[in-house]
Each structure stands twice: as structure tokens, then as C-alpha cells.
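Subject: Structure handover and notes

Dear colleague,

I am handing over the structure below, with notes on what I found in it. Please read them with the model open beside you.

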Amino acid sequence: MEMKTLFFPGWPLPADPVLGFGVILCLAIALGELAHRFRLPRISAYVATGVILSFFRTAPQLAPLLSPARAVFELAFALILFELGQRLDLGWLRRNPWLLACSLAESLLAFLAVGALMLWLKQPVILAVMIAAIAASSGPAVVLGICRDTEARGQLTDRLQLLTALSISYSFVVLGIAYAWQHGQSSAPLMQMLLHPLYLIAGSILLGSLTAGAVLRLLTLIRPGSFSQTLATIGLIIASVALAKMLNLSVVLSALTAGVLSRSLDRKRQLQAMDYGLLSRLALIVVFVATGTLLDVQQFAGAFWPAVGLLVVRASAKTIGVLLFARPSGLPLRKASLLSVSLLPMSGAALLWVERTASLWPEIGAQLAAVVLTALLIMECLAPPLLQWALHRANETGDTA
Amino acid sequence: MNAPLLEFTHSASLSLGVELELQIVSRLDGDLTSGAAELLALIERRPHPGDFKPEVTDSMIEVSTGIHTHCQTLHAELQGARAALLGAADKLNLLICGGGAHPFQHWAKQKIFDKPRFHEVSELYGYLAKQFTVFGQHIHVGCSSGDEAMFLLHALSRYIPHLIALSAASPYYQGVDTAFETSRLTAISAFPLSGRAPLVTSWEAFNTYFADMQTTGVVQSMKDFYWDIRPKPEFGTVEIRIFDTPLTLHQAAALAAYVQTLSRYLLAERPFPIDETLYAVYTFNRFQAARFGFAGGLIDPVSRQKRLLRDDFIETLARIAPHASALDTALFLESLKGIAESGNDARWMRETYARSQSLPDLVWRQAQRWRDSP
């Protein structure tokens with residue numbers, strides 16, 4: 001009958017991405033609670049959810065659900081970096097300069113060691129530099145996710161967050177330079193070779209500073225301690241992420257800068273009382289499920305041993321860097337060892353870099369993806385339980401966790 | 001079973017020692033954070049004034065002085081200890097502050113310091129042990145004998161309301177204004193052996209009482225008594241435990257000066273008899289002081305007259321003035337008089353909060369005050 005078609009939907013039902021989002025969220029949360037019952041980190045289950053989904057990425061019904069994952073991923077990742085940036089106290093580096101030495105040492109050693117390994121494996125120089133730069137940083141989302149999940153507080157937690165935020169910044173700068181170099185290699189005009197990284201770094205920092213200024217300005221208009229402060233801040237971050245993408249700037253660097261500056265310029269300590277609570281948890285779930293979907297399990301076999309080599313070399317280098325400066329920076333050796341374990345998570349930002357590289361230079365992008373994404377996949381499995389264990393051993397987790 | 005007799009170590013009469021329990025706070029959000037273990041490890045790397053010890057929770061550190069005859073040297077030792085502590089705290093990005101309780105911490109998040117006795121306490125008292133994340137100052141007064149200690153213990157109880165109002169520094173607790181000048185005292189009152197000591201007036205009688213408590217299993221050691229004032233036989237002192245940790249070191253030293261001067265007055269003049277009448281009004285006076293500070297009422301246990309606590313305190317200062325000049329404590333007592341007239345630490349906290357409407361900001365300013373004040 002003709003009337004039916006007026007209000008009944010067609011069959012099969014058209015897939016609405018929002019429905020997919022809801023179902024996936026519930027699935028991730030359910031698996032997360034299951035993992036928690038077995039004393040595993042919830043975020044491991046979120047990643048697993050994403051990996052399961054990625055098996056269906058070619059299914060015609062599911063493909064439209066996965067395509068928005070990237071956009072949501074970037075947004076959630078930016079929120080996490082903003083929050084991490086707020087936990088970075090630049091004054092601490094002034095009061096304890098050995099911390100800066102420790103940070104530089106662990107990142108630089110990891111960069112050099114991984115770079116050397118890649119050259120030994122006969123990888124092209126540019127690729128070795130990119131892989132090493134990505135490997136030098138620790139994973140902000142895993143760090144923040146586990147710290148929140150376990151309600152961690154204490155010296156190890158504070159240092160872990162500081163070193164992670166710093167390493168992500170170094171890694172970004174080196175990658176920016178590597179991009180410039182590659183532009184030179186591909187015989188782009190000199191101006192472009194210089195301007196591209198300059199635009200990327202300076203532009204992102206400028207956008208981050210403006211965002212920080214706007215956040216602080218807005219907070220003075222809202223009653224302190226109210227939840228509206230948090231929501232307004234998140235609104236500004238979302239707008240800033242959109243601007244970064246429109247202007248071809250780095251979402252990662254601008255969000256991190258916005259976080260760091262909104263804290264250090266916060267003379268009236270308005271931000272201290274803010275709690276990102278539920279929204280931050282939602283962002284974390286989104287980031288880990290999306291990471292899972294973007295990890296390509298099919299590529300796993302190809303670069304398995306180089307990836308394992310990378311992880312071993314990276315872990316050793318970071319451990320040496322941390323232990324070298326443990327005593328002068330005032331950390332007992334036991335906690336320093338636990339700190340070097342805690343720095344193992346790899347950054348999900350690697351996914352963004354691989355994509356960016358692939359879009360500029362498809363061939364390098366594919367090679368980069370093979371090693372980096374395999375290493376990332378291994379670490380997404382191992383690092384969260386390791387980090388949880390380390391925080392627990394350091395007696396810094398909350399009792400309820 | 002016969003309990004061994006407690007021997008009272010002799011010490012110089014009117015000598016002083018002070019313990020301060022301090023809050024370890026995160027610079028990031030102003031909340032309590034665990035850091036005692038790292039702070040201690042860092043401080044002990046080089047010689048320093050003062051003696052540092054962990055306390056029941058990991059977000060508390062205790063500093064104690066040696067034995068002093070003069071409050072000026074005691075104050076100087078505290079300042080030296082503070083410098084050592086702040087040096088370590090800066091390296092670890094921690095803030096240290098005074099105050100009787102953290103304004104907004106949540107007790108469930110406190111970690112018990114990893115030491116067997118603390119875990120036992122935690123096991124026995126359950127949530128009380130964590131709720132006990134309150135911060136006090138203890139003042140020890142040396143006594144030449146156990147009998148002198150028992151006399152001083154009871155005589156000083158007359159002045160407990162003064163000491164409460166002078167040190168009160170915990171109006172905020174668990175994120176709310178409790179309306180009390182010190183909320184810490186109510187947290188302590190939950191413990192079974194808190195409050196006043198029984199009216200035993202000689203060391204021999206105290207030993208009988210203690211043996212009785214021990215054989216019946218009420219207590220295992222002197223540590224199980226959480227009285228406002230208790231004898232400390234191994235130090236040869238009377239220990240007053242009623243104070244909130246003040247926001248400044250000068251105030252901590254001034255409180256010690258007041259206790260020392262009062263003790264000299266009480267021992268020399270024995271102005272009233274020690275009997276149960278002292279305690280008939282004790283809990284009323286104690287409550288008034290904790291709730292209203294110097295604006296509270298005080299019933300004089302001897303005359304039975306009710307008067308303003310502030311008036312009673314200022315009159316006491318006048319009465320003990322000769323002893324103050326003998327001990328050279330007059331300047332410290334002068335500063336306490338100023339506090340009684342113009343407002344204690346609790347008042348400063350309320351005024352500070354009223355300006356910013358932010359408890360983390362209050363904690364931050366408390367830490368500044370602890371760092372910068374004399």
C-alpha cells in the first residue's frame with residue numbers, strides 16, 4: 001500500500017552514524033567493566049572494542065559508521081592534551097632544573113637509540129628520523145586515562161604527566177623539522193621548505209595562546225567552581241580544534257599550548273577547581289576505541305620484529321635517561337624505576353602523523369605505518385596494565401580503584 | 001597479669017618541645033597528595049634542624065624540635081626546619097601548609113603511610129583513621145616528677161578553651177564551612193579514648209589506673225590515649241594536644257610561650273585546688289571555644305561565673321605577666337593578645353575565602369603564609 005511508505009522507513013534501515021556511536025560506546029563500557037573485574041585497565045577493553053570493530057571496516061553496512069571516527073578522535077584527543085597541558089607546571093622546571101635534564105635525557109636517548117636501530121635496519125634517513133621522533137614521546141591519552149582510572153596522586157604521577165607532556169612537545173618540533181627536510185628532498189622551493197614547519201609550529205602555538213587567553217577571559221565571567229566553567233572551556237577547545245584544522249595547523253600542539261598557558265597565566269587560580277570528570281572520561285573512551293579501529297591488525301605480521309626491536313631499544317633508553325637523573329632530581333631509585341616503566345605507553349598521536357605523512361608522501365607514509373603502527377598496537381596492549389601496575393606498586397593509586 | 005610500672009623520666013621543669021603536623025598539598029589543585037616518603041628521603045640527605053617523621057597518612061609530615069628552655073631558640077629551630085622542608089618540597093613541586101584540617105580533601109582518598117603501626121591503627125579504627133587526617137600541634141612541657149606532671153595536667157585543663165581559641169584554624173572541612181572555629185576537635189572526639197584524663201593526682205595513682213586499663217585490655221600502651229592533655233612518661237613531660245597546627249611558625253612558638261608561662265604561674269602559685277569541679281564545666285567550655293572562639297562563653301570552674309572567653313584570656317595574661325618577664329616570653333604573649341582582639345587563624349581563613357570564593361585558592365594562600373611569615 002502506498003500510504004505505508006510515507007512514514008515507515010525503508011528496509012534495510014539506513015545506518016545512522018549516531019546509532020553506531022551509541023552502540024559502540026555501550027559495548028566499550030561493558031567490556032571496560034568486565035576488564036576491571038579482572039583487575040585489567042578499562043582502557044585496554046576500549047582499545048579491544050576498536051580492534052574488533054576494525055575487522056568489520058570493509059563491511060558495507062559498517063563503513064559509514066567508522067568514517068566519522070577520525071574527526072571525533074581528534075576532538076577527544078585535543079581535550080585530553082588540553083587537560084594534560086593544564087597539569088604541566090612550568091614553574092616546577094625552574095624550581096627543579098634537574099627535571100628538565102631528566103626529560104631531555106629520556107627523550108633524546110630514546111630518539112637516538114631508535115634512530116640508530118632504524119638506520120641499522122637499512123631504513124632511509126628521513127624515515128628513521130620520523131620513527132625515532134614518534135617513538136621518543138610517551139602516550140598522553142594512556143597516561144591520563146590510567147591516572148584517572150586509578151585515581152593516582154603523588155610524585156610518580158606528577159612526574160609522569162610532566163615528562164609525557166614535554167616529550168610530546170619535543171617530538172612535535174623534531175617532526176616539524178623532518179617535514180621541512182623532506183620538502184627539501186622532494187625539491188620543493190626553499191621558501192616552502194622553511195615556511196611549512198614554521199607555519200605549523202608558530203601558528204599552532206599562537207592559536208593555543210589565543211585559546212588560553214579566551215579561556216581565562218571567559219572564566220572571569222562565570223561563577224567560580226560552577227560546572228558552566230568547565231563546559232565553556234570545553235566549548236572553546238572544540239572551536240579551537242576546528243580552527244586548527246581549517247588553518248591546517250596542528251591540533252596536538254595548539255591544544256597542549258592552550259592547556260599549559262591557561263594554567264601558567266591563571267594568576268587567580270580559577271582553573272584549579274575545575275573538574276573535567278565525565279566529559280574527560282567520555283573523551284578517553286572515544287580516543288581508545290578510535291585508536292583501536294585505526295590500528296591495522298592486518299599489517300601486524302609484516303613489521304613485527306623491527307617493531308619489537310624499536311620497543312626494546314626505546315624502553316632501555318628511557319630507563320637510562322630517568323635513572324641517570326633520579327637522584328639529583330630528588331626521586332628515590334625505586335620510584336624512578338617505576339617511572340621508567342610508566343613512560344612506556346606510545347602516543348596515539350602517531351596515528352595522526354602517519355596519516356599526515358601518507359597524505360603528503362604516500363610511499364613513506366606506508367613504510368612509516370608498518371613499523372610505527374605495529375609498535376603502537378603492541379604497546380596499546382601492554383602499556384596500560386604495566387602502567388597500572390607501576391602506579392599501584394608506587395602506592396599512588398586511590399583505594400577505590 | 002601484672003603490667004610493668006611506667007617510669008617517669010625526670011626532665012628540667014618548664015623545658016619545652018613542639019611537634020607540628022603539616023599538610024602536604026599538590027601545587028596542581030591544592031588538594032592533599034601523598035609525598036611524605038619522598039620528602040623524608042630528600043630531607044634526610046643532609047643535616048638539618050628539627051626532626052622529621054611520617055604520620056598516619058601519606059599526605060602528612062611531622063616536624064618536632066629538640067628540648068628548649070627559651071621560646072626564641074625554639075622558634076629559630078622551627079624556622080631552620082622549615083627552610084629544609086621547603087627546599088625539599090620545592091624540588092617535588094609540593095606545597096606545605098599549616099591549619100587544623102584540609103578545607104576540601106575527601107577522606108576516602110587518603111593513603112595510609114606504609115608502616116605496620118599505621119596499618120594496625122587503620123584496621124582498628126576503620127574510617128575514623130582516615131577521617132583523622134587532621135593536623136595538630138603538640139606542646140611538651142618538662143616536669144621534674146610524675147606528681148608535678150599530674151598536677152600540671154589537671155591545672156592546665158582550666159585553660160584549654162584559651163588554647164583552642166588561640167590556635168583554631170580549621171573552619172572548613174570536607175568542602176563546607178562547619179561554623180566551628182576548629183572542626184578538627186570534633187573529628188578527634190569520635191575516638192573512644194579522647195577528651196579529658198581521669199582525675200588522678202599522683203604518679204602512683206596514675207600507674208594504678210594505667211595498669212588497670214592495660215590488664216582489662218582497654219589499652220595496650222600510652223599511645224592509645226587521645227586525651228587533650230596526657231602525661232608522656234618516657235619524655236618526662238606533659239603533652240598538650242588540643243591545638244590546631246597554626247598557619248605560621250611564630251604563632252606555634254607563641255603558643256609554646258603561653259603554655260610555658262602558664263605552667264610557671266600554676267606551679268609557683270597553685271591558684272586553685274585540683275578536684276572534679278574543674279571538669280564539671282570542661283566540655284561546655286571546650287565546645288564554646290571550638291564553636292565561637294574568643295566570642296564564646298567560659299564558665300569559671302571555681303567562681304562558677306560565666307564570662308566572655310576573650311575577657312578571661314586577657315585577664316589571665318595580666319595575671320601571669322610577672323612570670324612572662326621572668327621567662328622572657330612577654331613579646332610572644334603580646335602577639336597572642338593581638339590575636340584575641342583582632343582575630344585568629346580561623347578568621348583569617350574565612351576572610352580570605354570570602355574574597356576569592358575558592359577553597360583551592362585558600363589552600364594556596366595558606367601555603368604562602370606558612371612560607372613567608374616569621
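A residue is called buried here if 20 or more other C-beta atoms lie within 10 Å of its own, exposed if 12 or fewer do, and partly exposed in between, with the C-beta atoms placed from the backbone. This is a predicted model, in which local features need pLDDT of at least 70 and side-chain atom pairs count only at pLDDT 80 or more, while totals for chains, interfaces and linings use all residues. Residues are numbered from 1 along each chain as its sequence is written, and chains are lettered from A and ligands numbered from 1 in the order in which they are written.

Chain A, a glycine and a helix pair

Gly50(A) counts as buried because 26 other C-beta atoms lie within 10 Å. Gly50(A) belongs to helix H3 (residues 42-54) of chain A, where helices (H or I, at least four residues) and strands (E, at least two) are DSSP runs numbered from the N terminus. Although Gly292(A) is 242 residues away along the chain, its C-alpha atom is 3.8 Å from that of Gly50(A). If neighbours within four places in sequence are set aside, the contacts of Gly50(A) are Phe288(A), Val289(A), Ala290(A), Thr291(A), Gly292(A) and Thr293(A), a contact being a pair of residues whose C-beta atoms, placed from the backbone, lie within 7 Å.

Elsewhere in chain A, helices H15 (residues 304-324) and H18 (residues 362-393) pack with their axes 8 Å apart and at an angle of about 65 degrees; the axes are lines fitted to C-alpha atoms, for helices over the stretch in contact, and angles run from 0 to 180 degrees between N-to-C directions. In this packing, Phe304(A), Pro306(A), Ala307(A), Leu310(A) and Leu311(A) of H15(A) meet Val371(A), Thr374(A), Ala375(A), Ile378(A) and Met379(A) of H18(A). By class, this contact has nine nonpolar, one polar and no charged residues (Ala, Val, Leu, Ile, Met, Phe, Trp, Tyr, Cys and Pro count as nonpolar, Asp, Glu, Lys and Arg as charged, and the others, Gly among them, as polar).

Chain B, its fold and strand E1

Chain B has 16 helices and 13 strands. Its radius of gyration is 20 Å, close to the 21 Å that the globule rule gives for 374 residues, so chain B is as compact as a globular protein of that length; the radius is taken over C-alpha atoms, and the rule is 2.2 Å times the number of residues to the power 0.38. Of the 374 residues of chain B, 51% count as buried.

Strand E1 of chain B is largely enclosed by the rest of the structure, because eleven of its eleven residues are buried. Antiparallel pairing (two strands pair if DSSP finds at least two bridges between them) links E1(B) to strand E5 (residues 136-142) over five bridges, to strand E3 (residues 60-64) over five bridges, and to strand E4 (residues 94-97) over four. Gln23(B) stands opposite Met60(B) in E3(B) and opposite Cys97(B) in E4(B), whereas Leu16(B) has Val141(B) as its bridge partner in E5(B).

Within E1(B), Leu22(B) counts as buried because it has 25 C-beta neighbours inside 10 Å. Beyond its neighbours within four places in sequence, the contacts of Leu22(B) include Met60(B), Ile96(B), Phe135(B) and Thr245(B).

Strand E3(B) is mostly covered, with four of its five residues buried, and E3(B) forms a hairpin with E2(B), five residues lying between the two strands.

With best wishes

Methods. Two residues are in contact if their C-beta atoms, placed from the backbone, lie within 7 Å.
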